[in-house]
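Colleague: Please take a close look at one part of this model, the surface where the chains meet. I would like the contacts first and the confidence values after them.

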Amino acid sequence: MSVVAASAPSRAEVLQLYRSFLRVARKFTDYNIREYTKRRATDAFRQNRNVSDPCAAFADGKAQLEVASRQAVVYSLYAPKLKSVMEVHN
Amino acid sequence: MASLAQASTALSTSCKPTLALSSRVSSLKSVSFSITGKRFPSLSSRPGRLQVSCSAKPETLNKVCDIVKKQLALPDTTAVTAGSKFTELGADSLDTVEIVMGLEEEFGISVEEDSAQTIATVQDAADLIEKLVEKKA
């Protein structure tokens, strides 16, 4: 399986990927998974901010984004009715 | 159709005599009725019916400031004003994205990709929010 040589992602593309992660996170009905997605995306992006070759990290990020968006659909099919205690606002 | 024409002629004749009346009149139509070139001072205090591009409602600004403070974990003593840039407050580009997402959730709007790139100050964010809330309403 040949890997397509992608040119280095621009700053805007990276930020767009980050934004997509946060948008996907919102689709999860489960509080824990939602928070985890946001946290993991933030941590990963911050960890890789100064890396010299962002192509691999960017490709990895895109793959994970696909995973997350697929899982959002799957989880929404079996969403439990009971919300987590963290989401109770009073 | 005829009544509309009558109403518009009534508007055009009524806004000529007094200035006090024209501020209420101009809220029905757009800026084409403003005879003097200057901005009516009552417009910005109106509860958001007419979109003035330079001012944002103070509640919106306050909410934006609160969200920014919470996101960047700033102590309450930090002065977050309309003109303060996110970079000055210690936010990097990832923080800016997070702030914009937080604002999207708070106000129930959806910010476009390129609009989000141009947000640099608190005022920019508040203005964009106002525009999107009005478009949605």
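**The interface in the predicted model**

Modeller: Between chain B and chain A there are 8 residue pairs in polar contact, both residues at pLDDT 80 or more. A polar contact is a pair of N or O atoms within 3.5 Å; within protein, one must be able to donate a hydrogen and the other to accept it, and residues adjacent in sequence count only if both atoms are side-chain atoms. On the side of chain B that touches chain A, the elements giving two or more residues are α4 and α5 (113-118) of chain B; helices are DSSP runs of H or I with at least four residues, numbered from the N terminus. α4(B) gives the most to this side, with 9 residues. By class, the side of chain B that touches chain A has 6 nonpolar, 3 polar and 6 charged residues, where Ala, Val, Leu, Ile, Met, Phe, Trp, Tyr, Cys and Pro count as nonpolar, Asp, Glu, Lys and Arg as charged, and the others, Gly among them, as polar.

This is a predicted model, in which local features need pLDDT of at least 70, side-chain atom pairs count only at pLDDT 80 or more, and totals for chains, interfaces and linings use all residues. Residues are numbered from 1 along each chain as its sequence is written, chains are lettered from A and ligands numbered from 1 in the order in which they are written, and side-chain values use heavy atoms, with hydrogens and water left out.

The count of salt bridges between chain B and chain A is 7, each a side-chain nitrogen of Lys or Arg within 4 Å of a carboxyl oxygen of Asp or Glu. One salt bridge joins the side chains of Arg19(A) and Glu113(B), at 3.2 Å from N to O.

In contact (heavy atoms within 4.5 Å) are 15 residues of chain B and 13 residues of chain A. The two chains bury about 1400 Å² between them, 51% of it from carbon and sulfur atoms; buried area is the accessible area (1.4 Å probe) that two parts lose on being put together, summed over both. Leu94(B), Met101(B) and Glu113(B) supply 38% of what chain B buries against chain A, more than any other three residues.

As for confidence, the model scores ipTM 0.81 and pTM 0.68. Chain B has a mean pLDDT (the predictor's confidence in each residue, from 0 to 100) of 69, with 59% of its residues at 70 or more. Within chain B, helix α4 (residues 93-107) is highest, at a mean of 89, and helix α2 (residues 19-25) lowest, at 43. The pLDDT is below 50 over residues 4-37 of chain B, a stretch with 22 contacts in the model beyond near neighbours in sequence.
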